[in-house]
Amino acid sequence: EPYDHIAVTALNRPLDVSFVLTHLLTRNQAPGDLLFSAINPNRIAASGHSFGGYASMVLAGGDDNIGEIFDNPEYTSFFGPVPPETFVPNFPDPRIKVIVLLDGSNQCLHFYELERIRTPAMGMGQEWSTLLALMPGWESWQARQHAAMQGHPSYRVDVADAYHSSFANGCYAVELLKDKGLLGDYDWWYEMYAEWACTPPLPQEEAFRLIRKYVIAFLQTNLANMNGYQDILTPGYSIKHEPLIEFFVTEK
């Protein structure tokens, strides 16, 4: 089966999240259901890696015209013409209270659309010099979304020596598919992907440790209103304790 056009994915993914959230919250209110009273509807976060980060941004701030930004040769040369049904807006979901972006695809939104994000936000991603070395012209990826988003607080967490794949477990998944013989005619893709994406200088387990640490600190402080984690969410902490992290805070 062919993959969806990227614009179709962009249209559907935030809608899918909102649909599932509605279903979960309905069960949350149903006495006798396994999920009855299990969810606090006032403490809902959206998070995702790469295009999942895009979906999280849309859930927080919306997208005025989904297909429009993909209607250029950078995308159409690979995915083909943009389906006309994607030239529509997606609206934010007010139930989303905070967002966490893991090397999120903010290039799929205009700057003014990112400016509409007013929820507390944290964006973790590749450090600018790594981006410059890998993809010249993309070195402002993390800085762009951080400059635009208007939520308070808004944090930018750059991870040195990390690649895009460092923020998910895709390399483990591809290795498993290879070992199980499930790639079929796509062994060539495995070799290309493994060489390009799965050899960052930063060990994967160290990347996961840093992600867990900072995401937990952010959510406990800004969603659960718990004390004891705020010191981690400061530039001084990373300078003293986590030298692989460059931490930025947007002043109000």
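Tutor: Two strands pair if DSSP finds at least two bridges between them. Here strand β3 (residues 121–126) and β4 pair in the parallel sense over six bridges. This is a predicted model, in which local features need pLDDT of at least 70 and side-chain atom pairs count only at pLDDT 80 or more, while totals for chains, interfaces and linings use all residues. Residues are numbered from 1 along each chain as its sequence is written, and side-chain values use heavy atoms, with hydrogens and water left out.

Student: How are helices and strands assigned?

Tutor: They are DSSP runs, helices being H or I of at least four residues and strands E of at least two, numbered from the N terminus.

Student: Which residue in β4 is the bridge partner of G123?

Tutor: R156 in β4 is the partner of G123. β4 is also joined to strand β5 (residues 245–249) by five bridges, and these two run antiparallel; there, V159 has I245 as its bridge partner.

Student: Are the faces of β4 buried or exposed?

Tutor: Buried means under 20% relative accessible area, exposed over 50%, and partly exposed in between (1.4 Å probe, protein chains only). S154, R156 and D158 on one side of β4, and Y155, V157 and V159 on the other, are all buried. Six of the six residues of β4 (residues 154–159) are buried, so this strand is largely enclosed by the rest of the structure.

Student: Why is helix α2 described as largely enclosed?

Tutor: Because eleven of the eleven residues of α2 (residues 51–61) are buried. The elements covering them include α1 (6–28), β1 (45–49) and α6 (141–148).

Note on methods
Contact = heavy atoms within 4.5 Å.
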